[in-house]
Amino acid sequence: MLPLSLLKTAQNHPMLVELKNGETYNGHLVCCDSWMNINLREVICTSRDGDKFWRMSECYIRGITIKYIRIPDEVIDMMKDDLVMKTKARGDVRPGRNAPGQRGRNTPRGSLGTRGKSGVGNLRQAPYSKNKNN
Amino acid sequence: MKFRYFINMAALESYVNHTVGIITADGRHFVGTLKGFDQSLNLILDDSHERVYSTTQGVEQVVLGLHIIRGDNVVIVGEVDEAIDSRIDFSKIRAEPLPSIVH
Amino acid sequence: MCGTLSSVDQYLNLKLKEVTVNDGEKHPHMLSVSNCFIRGSVVRYVQLPADEVDTQLLQDATRNEAEKNVSR
């Protein structure tokens, strides 16, 4: 299980991000990338000593400044479900191996359709897989 | 490039789903189940708690839950022997909090 | 901290087995840890037992390396 995939799974969930300088940011994850740069919305920023607070509607945090991220426990369960689904999907698709690889991965996930808030990656892939299916 | 990837990946693979103790660059000590990691040593720690050390009272354990710890903040990943760990009486342990890493 | 070195990579990340802590009183954090992974960038120094370093082998290896570089 990769930390960045877990972060992607945590999209739309509340989380706490502590920066190396000790500031913490509480907010909902909008999106993230492979450098761990993240976009939060409805953020409350707390100063290092916890005595000052700032509210902002949106913020962008550079990945390299992050110390750690705390996310809700249920996200890891979602991740597990996702993994099971993916393995299953891979098993189902195996017979039709001559089909392009991309398709095999997208079709079952789309049809199961439980993961509306998956990643940016999914959103980006959606139109692509639709074209393939039609 | 590929070589590095495998070395690092193999290095922590044996700790996955085990209880690990993490010491971070700011001198904090986290304990939890290692659920995953990547080549830059970012870690997923499940059911984690922080052990706060002090010289005047026993170790305080703060329950935190699910964490992603960024690799550049990680100092030591130690596999915890749960048998030994459960025998430690943390209320009796006194220690200076660790200083943070100076580069 | 002391232990048997099991592997090193090119970042000098270390993996130790059968770890013992030199001053358990002062640093009780790792008392229950037997195997560990240390990020290379935080290591100040590694103390090696002098008699276990095969200097002859090391010298030969260095010479070989040097020769290779000259011939190139």
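Predicted model: local features only at pLDDT ≥ 70, side-chain atom pairs only at ≥ 80, totals over all residues.
**Stop 1: colour by confidence**

Chain A averages 75, with 67% of its residues scoring at least 70. Within chain A, strand β1 (residues 14–19) has the highest mean of its elements, 94, while helix α4 (residues 120–133) has the lowest, 42. Now select residues 94–134 of chain A: pLDDT is below 50 over this stretch, and beyond near neighbours in sequence the stretch makes 22 contacts in the model.

Chain B has a mean pLDDT of 81, and 84% of its residues reach 70 or more. Its helix α1 (residues 2–13) has the lowest mean among the elements of the chain, 61, and its strand β2 (residues 29–37) has the highest, 91. Residues 1–5 of chain B fall below 50, with three contacts beyond near neighbours in sequence.

**Stop 2: trace chain B**

You will pass the elements in the order α-β-β-β-β-β-α, which makes two helices and five strands. Of the 103 residues in this chain, 40% count as buried. Take the contacts between residues at least 6 apart in sequence: 52% of them join residues at least 24 apart.

**Stop 3: the strands of chain B**

Select β2(B) together with strand β3 (residues 43–52) of chain B. These two strands run antiparallel and are paired over seven bridges. Look for L34(B), which stands opposite L45(B) in β3(B). The two strands make a hairpin with five residues between them, and L41(B) in the turn has a positive phi of about 70°.

One pair to pick out is L43(B) and its bridge partner in β4(B), I69(B).

**Stop 4: cross over to chain A**

Keep β4(B), residues 60–69, on screen and bring in β5(A). The two strands are antiparallel and joined by four bridges. Which residue of β4(B) is the bridge partner of Y68(A)? Click on I69(B) and you have found that partner.

Now widen the selection to the whole contact between the chains, which takes 17 residues from chain A and 17 from chain B. On the chain A side, α1 (3–9), β5 (66–71) and α2 (74–93) each supply at least two residues. The strand β5(A) gives the most, with six. Colour this side by class and you will see 14 nonpolar residues, three charged and no polar ones.

**Stop 5: the largest nonpolar core**

Finish inside. The largest nonpolar core has 49 residues, and the members that touch the most others are L6(A), L7(A), I69(A), I22(B), L43(B), I68(B) and V77(B). Strand β5 (residues 74–80) of chain B provides the largest share, five residues. From chain A, the core draws at least three residues from each of domain 1 (3–70) and domain 2 (74–125).

What does I22(B) touch, leaving aside residues up to four places away in sequence? Its contacts are F30(B), L43(B), L45(B), I69(B), V74(B) and V77(B).

Terms used
Residues numbered from 1 in each chain as written. Chains lettered and ligands numbered in written order. Core = buried A, V, L, I, M, F, W, Y, C linked by C-beta atoms within 7 Å. Buried ≥ 20, exposed ≤ 12 C-beta atoms within 10 Å, placed from the backbone. Domains from an automatic or database assignment. Contact = placed C-beta atoms within 7 Å. pLDDT = per-residue confidence, 0-100. Nonpolar A, V, L, I, M, F, W, Y, C, P; charged D, E, K, R; others polar. Pairing = 2+ DSSP bridges.
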